[in-house]
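Dear colleague,

Please find below the structure that I am handing over to you. My notes on what was found in it follow directly after.

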Amino acid sequence: MKQNRLIRYGVMSVLPVTILVAWEVSARTGMVSSFLLPPFSKVILRIVEDMSSGLMVAALFGTLYRMVISYMIAVVLGVSIGILMARIHIVRWFFDPIVSVGFPAPKIAFLPIFILWFGFFDAPKILMASFSCIFPIIGGTWAAAQGVDKYLIWSAENLGTNRHTMLWRVILPAALPQVFTALQVALPIAFIVIVISEMLTGGGGLGGAMMAGSRLADPARTFANLIVIGILGFLAMKGLQLLRRRVLVWHVEVQQEEMVV
Amino acid sequence: MNLAIRYSPLLLLLISWVIISRFGLVSPDMLPAVEEVAIKWWQMLLHDDLVVHAAFSLMRAASGLGLAILVGIGLGILIAKSKWMELLLQPMLTFLYPLPKSALIPVIIIWLGFGHSAQITVIFLGCLLPVLLSSFNGARGVETTLIWSAQSLGTTRWGMLRHVIFRAALPEILSGIRISLAISFVLLISAEMVGARKGMGFLIAFLGDSGEYPGMFAVAFMVIFFGFATDRFYLWMMRYLLRYREG
């Protein structure tokens with residue numbers, strides 16, 4: 001059994017190790033120009049350097065701050081609109097076509113318009129990210145709230161539940177698993193948009209640092225920030241997964257053996 | 001008629017735009033008049049190379065997405081069928097999946113410059129994983145009874161892949177591709193805004209930078225329309241491909 005596990009980890013580490021070694025060797029030996037691909041060790045050193053000089057810490061916090069704010073706005077607004085759409089007819093009438101057009105459309109095309117309206121600082125980046133990731137949240141919440149088991153609602157009504165309690169104690173909890181799925185879809189979208197708008201509008205952040213690296217012919221900086229962005233994305237998704245497990249601990253969510261990503 | 005009622009809120013938004021710009025509630029620099037945007041769009045279509053830009057963009061998106069679909073389905077089914085491949089590739093997938101793919105744009109530009117290949121590569125990488133994962137989940141979820149029946153009827157390995165596993169996984173694969181379709185547009189526009197000399201994304205950024213706001217609005221809305229229209233077309237196609245499932 002133990003040996004089995006060793007083999008498992010052995011096989012799993014083959015590709016990452018090969019890639020890292022090939023990266024380091026090809027960059028060190030000059031097979032690939034160090035401008036195109038700075039050695040891996042140099043990139044890691046650069047992360048340490050920039051972190052301790054505070055440069056990257058500032059960029060990291062800039063990106064994180066925009067991420068959190070934009071995602072929060074989208075979650076609060078998106079879930080509220082989704083629930084209202086399921087409960088109130090006129091709200092559904094108004095938002096249904098907007099969601100069905102806005103969901104698949106590449107909202108990022110509006111970025112220059114957002115810059116025109118909201119200036120160059122945090123506001124256009126945050127609003128662009130909220131605007132991009134709110135549609136899956138609205139759509140998912142709406143479908144979830146719409147699909148709440150009728151018998152649950154009838155039983156609650158039968159027991160004399162009022163509208164307010166119905167919303168908070170019956171509909172929201174019953175819709176929660178599906179809402180969470182929508183939130184998990186929306187998070188990477190917010191992140192993609194934050195990074196790209198940092199690249200295009202300046203004002204710091206990890207995306208801005210990547211662009212600065214590539215403009216100032218400092219590829220180590222570009223790669224260092226790419227790796228930090230990757231780690232941040234990974235941690236954010238994992239965190240949301242853990243939160244889901246925490247919050248939905250009461251739910252008979254079938255722990256399907258989906259590929260863990 | 002039903003359609004008209006359903007989409008009337010969009011008309012409402014359009015009307016409020018007209019009112020806002022007519023009565024000068026917002027400066028025309030911030031929000032050009034609707035008719036100005038429409039006329040500008042028509043002019044660009046006739047006299048400028050808007051068609052060329054749009055064709056470049058769509059060609060890039062189609063190439064990147066097409067490649068991602070081919071490789072993604074192949075790899076996804078392979079991983080589903082081979083435990084070794086799954087172990088081998090899983091760490092990479094775990095790291096790459098949550099990576100915001102837009103972060104790859106500057107690196108790819110360093111490598112491939114400002115031409116087609118850079119944008120196509122970004123789109124390919126961004127679209128690959130949704131297709132791959134949905135093919136994997138679809139192929140792994142094939143009912144074993146289906147496989148056994150096919151085996152007992154003497155299906156070859158290739159026949160099994162093509163007629164049983166691929167067919168059974170198709171609904172999931174198709175919904176994975178739909179996600180990639182949306183991603184392809186986002187990455188296309190982003191990559192073109194950051195580094196391209198042609199394409200709709202480039203045009204939006206360029207017009208915005210040079211203060212040609214009616215043109216910028218026109219192209220932005222054109223992109224939105226393309227995204228919406230391709231998704232609708234894809235849904236229709238998906239329903240056609242899966243028609244055997246109904247009834």
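In chain A, the axes of α5(A) and helix α6 (residues 122-146) come within 8 Å and cross at roughly 135°. Axes here are lines fitted to C-alpha atoms, for helices over the stretch in contact, with angles from 0 to 180 degrees between N-to-C directions; helices are DSSP runs (H or I, at least four residues), numbered from the N terminus. That angle makes α5(A) oblique to α6(A), since under 35 degrees counts as roughly parallel, over 145 as roughly antiparallel, 65 to 115 as roughly perpendicular and the rest as oblique. On the α5(A) side the contact involves A:L111, A:F114, A:I115 and A:F118, and on the α6(A) side A:A123, A:P124, A:L127 and A:M128 (contact: C-beta atoms, placed from the backbone, within 7 Å). By class, these are eight nonpolar, no polar and no charged residues (nonpolar: Ala, Val, Leu, Ile, Met, Phe, Trp, Tyr, Cys and Pro; charged: Asp, Glu, Lys and Arg; polar: the others, Gly among them).

The model is predicted: local features need pLDDT of at least 70, side-chain atom pairs count only at pLDDT 80 or more, and totals for chains, interfaces and linings use all residues. Residues are numbered from 1 along each chain as its sequence is written, while chains are lettered from A and ligands numbered from 1 in the order in which they are written.

Helix α9 (residues 205-215) and helix α10 (residues 219-247) of chain A pack at about 155°, with axes 7 Å apart; α9(A) and α10(A) are therefore roughly antiparallel.

Between the chains, the contact takes 47 residues from chain A and 49 residues from chain B. On the chain A side, α10(A) gives the most, with ten residues.

Technical notes:
Helices (H or I, at least four residues) and strands (E, at least two) are DSSP runs, numbered from the N terminus. Two residues are in contact if their C-beta atoms, placed from the backbone, lie within 7 Å.
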